[in-house]
Amino acid sequence: MQTTKVLKARKRIALIAHDHKKAELIEWAIYNKTVLSRHELYATGTTGKLIEEALDVSVRKLLSGPLGGDQQIGALVAEGLLDVIIFFWDPMEALPHDPDIKALLRLGVVWNIPVACNRASADFLLTSPLMHQDYEVILPDYTQYTNRKV
């Protein structure tokens, strides 16, 4: 039996960026202000403040990534409270919270939600017709895993 959930036309979008990618994300967000303003925005710490100021829209701001914000976003994904992750991450710099980032991206895959990790994938995601309508996501069946003998 397949389980699904509906991502509504008004998506709940997490916006995250490493320090060296914040300017790029803000520039991208300003360019896409009209589209982003139709959705509910979430962000980690400083990124959320910068987006809120640049777009003059409300952003639900969580903790800074290294202080637990990445894990807060991951928890929202696991609870089914986020629909999309846009994370401009810096592949050239190792960061102390790399395990948190890997866990966050893993949860996006686990719960089958759209994830963009750079400007090109974010552009494709944001301009998809599916981004602006209800979309039925097929959820993976984890009953065998949850019912396993430990």
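This passage describes the overall fold of a predicted model and the surroundings of one annotated residue.

Residues are numbered from 1 along each chain as its sequence is written. Because the model is predicted, local features need pLDDT of at least 70 and side-chain atom pairs count only at pLDDT 80 or more, while totals for chains, interfaces and linings use all residues; side-chain values use heavy atoms, with hydrogens and water left out.

The chain contains 7 helices and 7 strands, where helices (H or I, at least four residues) and strands (E, at least two) are DSSP runs numbered from the N terminus. In sequence order these elements form the pattern β-β-α-α-β-α-β-α-β-α-β-α-β-α. The radius of gyration is 15 Å, close to the 15 Å given by the globule rule for 150 residues, so the chain is as compact as a globular protein of that length. This radius is taken over C-alpha atoms, and the rule is 2.2 Å times the number of residues to the power 0.38. The C-alpha trace spans about 50 × 35 × 25 Å along its principal axes.

Of the 150 residues, 42% count as buried, that is, under 20% relative accessible area with a 1.4 Å probe and protein chains only. Among contacts (heavy atoms within 4.5 Å) between residues at least 6 apart in sequence, 74% join residues at least 24 apart.

The UniProt annotation "active site", from an unreviewed entry, covers D70; such annotations may be inferred rather than shown by experiment. D70 is found in helix α4 (residues 69-78) and is buried, with a relative accessible area of 2%. Leaving aside neighbours within four places in sequence, D70 is in contact with I16, T44, G65, H97, D100, I101 and L104.

T44 is placed in the loop between β3 (40-43) and α3 (45-55). The relative accessible area of T44 is 4%, and this residue is buried. Beyond the neighbours within four places in sequence, the contacts of T44 are L15, I16, L62, L63, G65, G69, D70 and I73.

L104 lies in helix α5 (residues 98-110) and is buried, at a relative accessible area of 1%. With neighbours within four places in sequence again set aside, L104 is in contact with I16, D70, I73, G74, I85 and F87. The C-alpha atoms of L104 and H18, which are 86 residues apart along the chain, are separated by 14 Å.

Definitions and conventions:
Buried means under 20% relative accessible area, exposed over 50%, partly exposed in between (1.4 Å probe, protein chains only).
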